[in-house]
Amino acid sequence: MIPPPFEYRAPESLPETLALLREHGDEARLMAGGQSLLPMLKLRLVRPAVIVDIGRLQELDGIREEANTVRLGALVTERTLERKLEQRLPLLSEAAASIGDIHIRNLGTLGGTLCQADPSGDLAPAALALEATLTAQSTDGSRAIAAHEFFSGPFDTCLADDEMVTGVEVPAADPESVRGHGYIKLARRAGDYAVVGAAALVSLGPDGSCRDGRVALCAVGPTAFLCEAAGRSLQGTRLTDADLAEAADLAGNEADPVSDVHASAEYRRAMTPVVVNRALTRARERARASHAQRP
Amino acid sequence: MATYVGKSIKRKESFDSIQGKNTYIGDVEVPGMLHAAIHRSPHAHARVTRVDLSEALAQPGVVAAMSGQDVRRLSRPLAPFPFTRTKPYTSDYPRVRFADHYGLAVDRVRHVGEAVAVVVSEDRYAAADAAEAVRVEYEPLPPVVDVEAALERGTVRLYEEWPDNIQYEFRFSEGPVEELLEEAPVVIRERIVQHRYTGTPMEPRGVIASVDQRDNLLTLWSSTQVPHALPNLVLETLGRADLKIRVISPTMGGGFGIKWAFYPEEVLMPLLSLQLNRPVGWRESRSEHMVASHHSRAQVDHVEAGFDRAGRITALKTHVIVDLGAAYPSGGTSLAFVTANFIPGPYRVDNYATTSFGVVTNKTAAGPHRANGKAESNFIMERVMDRAALELGLGKDEIRRRNLIQPHEFPYTCVTGSTYDSGDYPACLRKALAEADYAGLLADRDRCRLEGRYRGVGLAFLLEPLSSLRPNAYNAGYETVTVRVDPVGKAWVFSGDVNMSMSHMTTLSQVVADELGVRFEDVQVFEGDSALVSASSGSYASRFSTVTISAAIKASRAVRTKILAIAAHSLRTHPEALECTGGMILGRDKPGVALTVKEVANIAYYSINQLPGNMDPGLHDTHYFINPNTSFEPDAKGRTSNFSTFPYAVNLAYVEVDVATGDTQILKYLTVDDSGNLLNPMIVDTQITGAISHGIGGAFLEELVYDEQGQLLSGTFADYLIPSMAEMPDLEIHHMVTPMPFTPGGFKGVGEIGAIGPPVVLASAIEDALAPLGVKIMSLPLKPENIWRAIHEKRGTGDKR
C-alpha cells in the first residue's frame with residue numbers, strides 16, 4: 001500500500017508536458033484521474049521514475065459539440081460523459097455510467113481509461129462502435145489514430161513513449177437514419193470490470209430496416225475489439241430475433257478470452273453471445289422506439 | 001424499571017465514528033516510534049536457505065532488521081492460543097497438535113505471505129522500501145493445497161515431526177448409527193464443499209509496542225479482540241517473566257473474529273521494542289491482511305442421513321474436513337469442533353456419529369470468522385433437509401416441522417451434549433411462513449415456471465450456538481465488569497470487552513442506567529484495555545449480551561443495593577421503602593425526591609461517618625459472571641457443554657435465476673430471529689443487517705482462490721469482492737422473543753446469526769428455482785459461473801436470451 005519512490009511533476013501547459021515526456025520517455029507515467037495508476041503504484045505493480053500529473057491542463061478538459069463531430073478533451077471525466085452526453089452520444093454515456101461508482105467516475109477520465117487499455121475497460125467498446133478517433137501529440141506534432149488501431153494488447157496501445165492522447169473525436173450519427181444503442185456488461189458487482197461487455201449500435205433507415213450495425217466487445221480478448229462480421233450480418237435485415245441471434249453467434253466466434261478469478265475463459269466464451277444478444281436487443285428496441293416517433 | 005433497555009436509543013458511538021474522530025490503531029502516535037515493515041514469503045511451501053539483510057540494513061533510515069534465526073534466538077515458539085497449554089484435553093478426543101511457529105518463519109515457509117524478515121526504520125515509507133531489499137533464498141517444496149489431497153497417505157507433510165497433516169481430530173458417536181442407516185428407507189448421501197472466505201474488517205490489524213525500562217512495563221497497542229489473553233501469550237513467547245504487560249485495543253474498525261488470534265506481529269513488535277529500546281509499530285496493509293490475517297470457512301463434508309417414511313431423521317453420520325491452512329495459533333481448530341458438534345442443529349437427532357479433522361495445508365491459517373463453524377454446520381444440515389424433502393415428496397416447511405425440537409423439550413440436551421436453552425421453533429417457522437406469504441410465493445413461482453422463468457423459494461432453519469468457552473483456554477467462560485459510582489454521582493463501567501463497532505457503549509449504558517437508576521447520559525463505558533479489569537475472555541461468539549451484560553447487571557445491582565442502604569440509613573427508613581430512578585431516590589409511598597444519587601455518593605466517599613455501621617466507603621462492585629448452562633466436566637457419555645445459549649432464526653428467500661448467465665436476483669429476503677430479549681431493537685436490526693450482508697458476500701462474491709501452486713489469486717479488493725449496497729436486497733426483519741432463562745436480563749446474542757443465513761437459504765432458493773432442470777447445489781459459492789455450470793451440466797447452453 002506504499003508506492004515505490006518516484007519523482008512528481010505537475011506541468012502547467014501541454015508543451016511543458018510533452019517536453020517532460022520527451023525527456024523521460026518510458027520512465028514517465030502520465031496521471032490524469034489516477035484511478036488505475038494509484039492502485040498499481042501502491043501494489044508496486046508499476047515503478048515509474050516520474051509521475052507527470054496532467055490534472056492542471058485545462059486545455060484538455062471540455063466537450064465541443066459541432067455539427068458532424070463531438071470533440072472530447074482527454075481529461076473529460078467519466079461522470080461528465082455520463083451526464084453531458086446522454087442526448088448526443090448515449091452509448092458513450094451508458095458505458096461511462098457503468099464504470100465503478102460515482103467517486104471513481106468523478107476522477108477517472110476518458111483519455112486515462114482509454115490509454116490504460118484494460119481489456120475489460122468499458123469505454124473502449126463504445127469508442128470502437130462509435131468509430132471514434134483519438135488525437136495523439138508529442139513534441140513532433142500531432143496525429144489521428146482510429147480507435148480500432150489504438151489498442152495493441154492488454155494494457156498496451158500504439159502510442160510512442162513520448163506521445164499522449166489529448167482528445168477524442170466522435171462522428172455524429174447519420175441524420176438520415178435513427179440510431180439505437182445498448183451497452184450491456186456482465187459483472188460480478190455493480191460497477192466492476194466486465195466479465196463480458198458488449199456495445200451495440202443499430203441504425204434504422206426510413207423503412208425500418210437496418211442500415212448499419214456495430215458490435216464491439218471487451219473482456220473477451222487481449223484488447224477490446226469491433227466484431228465486423230456481426231455488424232455486417234445485420235445490414236439490410238429487419239433485426240428479427242433470429243437476425244440478432246445470428247449476429248450474437250458471429251460475435252461469440254470472435255471471443256478469445258482468458259481465465260481469471262472472476263470467470264473462466266469457457267464461461268466468458270459462452271456468455272459472449274448472450275451479452276451481445278442482450279445489447280443488440282436493447283439497441284433495437286431503442287431504435288424502434290425512436291423510429292416510431294419520427295414524423 | 002426499564003427506562004432504557006428495550007428501546008431504540010441512538011448509538012453513543014456514532015458521534016465519533018460519523019465525524020471521523022475515533023482513535024483507531026492507525027491513529028495511535030507514540031513519541032519516537034519506529035516503523036516496522038515485514039518481508040513476506042512469495043512461496044506457499046519452501047525451505048528458507050538464506051536470509052540476507054545487508055542490503056536492507058544499508059537503506060537510508062533503517063535502524064534494524066531481523067530474520068527468523070534472530071527471532072528464534074531471542075524468543076520461544078508462539079504460545080498455543082487459545083489454549084493455556086499445549087495439552088489442553090485430558091480425554092482422547094478432541095486431539096490437537098501444535099507446531100513450533102515463531103514470530104518469523106525460521107527455516108521453512110508454509111504459506112504465501114508468511115512473515116520471513118522484519119525491518120525497522122525511522123519512516124514508514126522507507127521501511128516499506130527496505131523490506132523489499134531483503135534477499136531471501138528459497139528451495140521450493142511441493143505445496144499441499146487441496147485439503148483432501150493433504151489427507152492422502154504418503155503425501156507431503158507440512159510438519160515433519162507430525163505423522164500426517166491432521167492437526168485436530170474429534171470423534172463422537174451415539175447410538176447404532178450404521179445399523180439405522182442401513183435400515184432407513186430413505187438415505188441422503190452428499191459431499192458438500194464450502195469455500196474459503198473471511199471477515200475483511202474495514203480496518204486491518206496493527207501493533208505498537210513501547211517499553212518503559214524503569215518499570216519493566218511493556219505497553220502493547222493491538223487491534224485485537226483478546227487484549228487480556230495477550231499479556232500471557234506475549235510473556236510466554238518472549239520468555240520474559242520480569243515484564244509487566246498492558247494491552248490496549250483501541251476503537252476497532254471491525255473484528256469479525258479475524259482479530260481473535262495470537263499473531264506473529266504481536267510478539268515481533270515487543271521483541272523489537274525491547275531490543276531497540278524505542279517504541280516500534282507496524283500497520284497492516286490491505287494486501288498484507290489478505291495473506292497474513294486469518295481466513296475461514298473452507299471445508300469438505302461428507303454426510304449421510306437416514307429418514308423414516310414419515311420424514312423423521314433416524315440417524316446422521318458426518319465426516320468434516322476443515323482446511324486449516326498453516327498451524328499458526330489462530331484458534332482455527334474450533335472450526336472443526338463447532339461444525340461437527342452442531343450439524344444436528346434445531347432437529348431432534350438421537351443417533352449421530354461424526355469424525356472431524358482439522359487439516360493443515362499451505363495456505364494462510366484459518367480461524368474463527370463471524371458464525372464460526374456454525375455457518376458451515378447449518379449449511380450441511382439444511383442442504384440435507386431440502387434433499388430429503390424432495391426425496392420424500394414433502395414440502396421444505398413440512399420436513400422441518402416434523403423434525404424440529406418442540407417447545408416443551410427445553411432446556412434440551414442435544415446429542416453432542418450441549419443444552420439448548422430456550423425457544424419455540426415451530427412458532428418461528430409458522431411466523432416466517434405467514435410473514436412471507438409462503439403459499440403465495442409458491443403459487444407465484446409455479447406461475448413463473450409456466451412462463452419459462454426460474455423463480456424459487458428458499459427456506460432455512462438456523463441455529464446458532466453462542467457464548468462459548470473451552471477448558472484450559474483463554475476463553476475460560478466468564479466475563480468481568482466493574483461498575484463504579486463516582487463521588488459526583490456519575491456511573492463508570494469497566495468491561496473486558498473491546499470496542500469493535502458493536503455498540504457496547506450504548507447497550508452497557510442502557511443496562512447500567514436502568515439497573516442503577518441513573519440517567520443514560522451519566523454512564524461512561526470503558527473497554528479495550530487490560531488495565532481496566534483483571535481478566536476477560538475477550539469479544540467473540542456474540543457473548544457480550546450473554547455474559548458481559550449479565551456481569552454489568554449483577555455489579556450494578558450490588559452498587560444499587562449499597563446506594564439504597566446508605567439512603568435508607570440517612571432517611572431513617574428501610575431500603576425496601578425506596579427506589580432509585582434517573583439519579584433520584586424516591587420514597588415508594590411518599591411523593592417527591594428524598595435524596596439524589598449524587599448526595600448518596602457524597603456520603604459514601606466523604607461523609608463516611610454517616611454510613612451504616614461496618615459499611616466500607618465507596619460505591620463500586622466487580623462481578624465475574626460465569627457462562628451459564630455450560631459444563632467443562634464430561635458427562636457419562638464423555639460430552640461437554642461449551643455454549644451458553646442458542647438463538648435461532650428462520651430465513652426465507654425468493655429468487656429469480658437467469659439461466660442463461662447463472663446470475664441470481666434476490667426478490668425477497670426475510671428473517672424471523674429469536675435472540676431472546678432485545679437490548680436495543682435498532683442495534684439488533686443493524687447487527688442482523690450487517691451480518692446478512694456479510695453472508696450475501698460469502699454466498700456470491702467473497703472467495704479466497706488459490707491456484708495449484710498455493711498462490712492466492714484474490715489478494716486485493718479488485719479480486720476479493722465485498723458486497724456493496726447495490727448487491728443488497730431489501731431485508732424484512734421480524735422478531736420472536738423467548739428470553740434466555742439463565743441470564744438476569746434474558747438476552748442471548750445477535751452478532752452472528754445473520755451471517756449464517758444467506759449461503760444456506762440462497763442455495764435452497766436457487767435449487768428450488770432450478771428444480772425443473774434437476775439441478776442440485778452442494779457447493780459454495782453460488783457465483784453465476786458455478787450456477788451456470790450446474791445448469792449447463794443438466795441442459796447444455798442452448799438458451800441465448
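Two strands count as paired when DSSP finds at least two bridges between them. With that settled, take strand β6 of chain A, residues 133-138, and β7(A): six bridges join them, and the two run antiparallel. One position to look at is Q137(A), which stands opposite S142(A) in β7(A). Before going on, note that this is a predicted model.

Those two strands belong to an open sheet of five in chain A, in the order β4-β5-β10-β6-β7, with antiparallel pairing. At the edges stand β4, residues 63-65, and β7, residues 141-146; each has a single partner strand, so one side of each has no neighbour in the sheet. From one strand to the next the twist averages 20 degrees. Helix α1 of chain A, residues 14-24, packs on this sheet and touches β6 and β10, the latter being residues 164-171. The direction of α1 makes about 120 degrees with that of β10(A).

Next, the domains of chain A. The division gives domain 1 at 7-53, domain 2 at 62-171 and domain 3 at 178-290. I will stay with domains 2 and 3 of chain A, whose C-alpha centres lie 20 Å apart. Their contact takes 24 residues from domain 2 and 24 residues from domain 3. The area buried between domain 2 and domain 3 of chain A is about 1,900 Å², and carbon and sulfur atoms give 61% of that.

How many salt bridges does the rule find across the interface of domain 2 and domain 3 of chain A? Four. In chain A there is a salt bridge between the side chains of R286(A) and E94(A), at 2.8 Å from N to O. Polar contacts between domain 2 and domain 3 of chain A come to ten residue pairs, with both residues at pLDDT 80 or more. On the domain 2 side, the elements giving two or more residues to the contact with domain 3 are α4 (90-97), α7 (123-129) and β8 (151-153) of chain A. Of these, α7(A) gives the most, with five residues.

Eight residues from domain 1 of chain B and nine residues from domain 2 of chain B make the contact. About 600 Å² is buried between domain 1 and domain 2 of chain B, 65% of it from carbon and sulfur atoms. On the domain 1 side, V112(B), R286(B) and M290(B) lose the most area to domain 2 of chain B, together 68% of what that side buries. Across this interface of domain 1 and domain 2 of chain B the rule finds zero salt bridges, and one residue pair in polar contact, both residues at pLDDT 80 or more.

Chain B also has a sheet to show. It is an open sheet of three strands in the order β24-β25-β26, with antiparallel pairing. Its edges are β24 (578-581) and β26 (593-596) of chain B; each has a single partner strand, so one side of each is left without a neighbour in the sheet. The twist here averages 30 degrees from one strand to the next. β24(B) pairs with β25 of chain B, residues 584-587, over four bridges in the antiparallel sense, and E579(B) stands opposite L586(B) in β25(B). Helix α15 of chain B, residues 544-571, packs on this sheet and touches β24, β25 and β26, with its direction at about 125 degrees to that of β24(B).

Last, the interface between the chains. The contact takes 26 residues from chain A and 32 residues from chain B. Chain A and chain B bury about 2,400 Å² between them, with 56% of it on carbon and sulfur atoms. In chain A, the residues losing the most area to chain B are R188(A), R189(A) and V261(A), together 27% of what that side buries.

Between chain A and chain B the count is five salt bridges. The side chains of D658(B) and R278(A) meet in a salt bridge, again described from N to O, at 2.8 Å. Twelve residue pairs are in polar contact across the interface of chain A and chain B, both residues at pLDDT 80 or more. Which helix of chain A gives the most to the side that touches chain B? That is α11, residues 265-293, with eight residues.

Notes
Residues are numbered from 1 along each chain as its sequence is written. Chains are lettered from A and ligands numbered from 1 in the order in which they are written. This is a predicted model: local features need pLDDT of at least 70, side-chain atom pairs count only at pLDDT 80 or more; totals for chains, interfaces and linings use all residues. Side-chain values use heavy atoms; hydrogens and water are left out. Axes are lines fitted to C-alpha atoms, for helices over the stretch in contact, and angles run from 0 to 180 degrees between N-to-C directions. Contact means heavy atoms within 4.5 Å. Domain bounds come from an automatic or database domain assignment. Buried area is the accessible area (1.4 Å probe) that two parts lose on being put together, summed over both. A polar contact is a pair of N or O atoms within 3.5 Å; within protein, one must be able to donate a hydrogen and the other to accept it, and residues adjacent in sequence count only if both atoms are side-chain atoms.
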